[in-house]
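User: Hi, I'm new to this one. Please walk me through it, starting wherever you like.

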Amino acid sequence: YPYLVEDIVFENKKDTIQLAGTLTLPKQTGSFPAVVLISGSGPQNRDEELMGHKPFLVWADYLTRNGIAVLRFDDRGTAASKGNFKTAISPDFASDVEAAVQYLKTRKEIDKKKRGLIGHSEGGIIAPIVASKRSDIGFLVLLAAPGIKGAEIIVSQQGLIGKASGVSDSEIDK
């Protein structure tokens with residue numbers, strides 16, 4: 001790669017768990033804008049790997065080639081990260097992202113005034129939660145973030161899954 005790749009571990013002190021990830025940094029000297037990538041629903045590794053595709057790896061590669069440091073990490077209880085994914089809820093995931101931001105603050109290569117969050121899917125809910133609590137988040141990027149209430153999403157998804165599984169419309173309506 002034409003940039004630096006570092007496997008890292010940082011601690012969520014609030015929940016006393018170790019989270020593992022990858023930090024990519026441009027090779028030149030200086031301080032760089034940085035983003036934390038926040039995964040969607042379900043237990044995800046640092047690349048948000050699904051059916052052989054690794055969108056977070058692709059995004060990290062593009063961003064770092066363009067001068068932006070990127071921290072992506074395995075969800076708690078997934079791959080090399082500790083903790084329990086099954087019992088975690090949105091505030092727990094937000095706490096993990098806050099720990100990632102705290103880790104970036106320890107790195108001299110990161111521009112203190114240019115730290116942001118990129119949330120994908122459920123990560124598009126988590127990013128604003130974190131940003132609303134912190135004054136050190138300079139920007140948000142929300143990709144495929146929900147635009148309706150969570151309860152409505154679940155009902156819609158269950159209906160679509162039922163339809164794809166051959167359940168009749170009348171049963172879905174019930």
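**Spaces and helices**

Analyst: Strand β3 and helix α2 each supply at least two residues of the lining of the largest cavity. Helices (H or I, at least four residues) and strands (E, at least two) are DSSP runs, numbered from the N terminus. This is a predicted model: local features need pLDDT of at least 70 and side-chain atom pairs pLDDT 80 or more, while totals for chains, interfaces and linings use all residues. Residues are numbered from 1 along each chain as its sequence is written, and side-chain values use heavy atoms, without hydrogens or water.

User: What counts as a cavity or a pocket?

Analyst: On a 1 Å grid over the protein atoms alone, a cavity is a set of points where a 1.4 Å probe fits but cannot get out; a pocket is an open set with protein on both sides within 12 Å along at least five of seven lines, and lining residues have an atom within 4 Å of a point.

User: How much space lies in the largest cavity?

Analyst: About 150 Å³, the volume being the space filled by probe spheres set on grid points joined across faces, edges and corners. Of its 14 lining residues, Ile38, Ser39, Asp75, Phe93 and Val97 are the closest to the centre. Helix α2 gives the most, with three residues.

User: And the largest pocket, how much space is there?

Analyst: About 260 Å³. Its lining includes Ser41, Glu122, Pro146 and Gln157. Helix α4 (residues 150-164) contributes the most, four residues.

User: Switching topic: where is Asp96?

Analyst: Asp96 sits in helix α2 (residues 90-105). At 1% relative accessibility, Asp96 is buried (under 20% relative accessible area; exposed is over 50%, partly exposed in between, with a 1.4 Å probe and protein chains only).

User: Which residues is Asp96 in contact with?

Analyst: Beyond neighbours within four places in sequence, Asp96 is in contact (heavy atoms within 4.5 Å) with Phe10, Asn12, Ile17, Leu19, Phe73 and Arg76.

User: Which residues of helix α3 are buried?

Analyst: In α3 (residues 123-133) they are Gly123, Gly124, Ile126, Ala127 and Val130. Down the axis of α3 they fall within an arc of 155°, so they line one face of the helix; the arc is that of the directions from the axis to the C-beta atoms. The face turned away from that buried side carries exposed Ser132 and Lys133.

User: What do the buried residues of α3 pack against?

Analyst: They pack against β3, α2, β5 and β6 (139-143).
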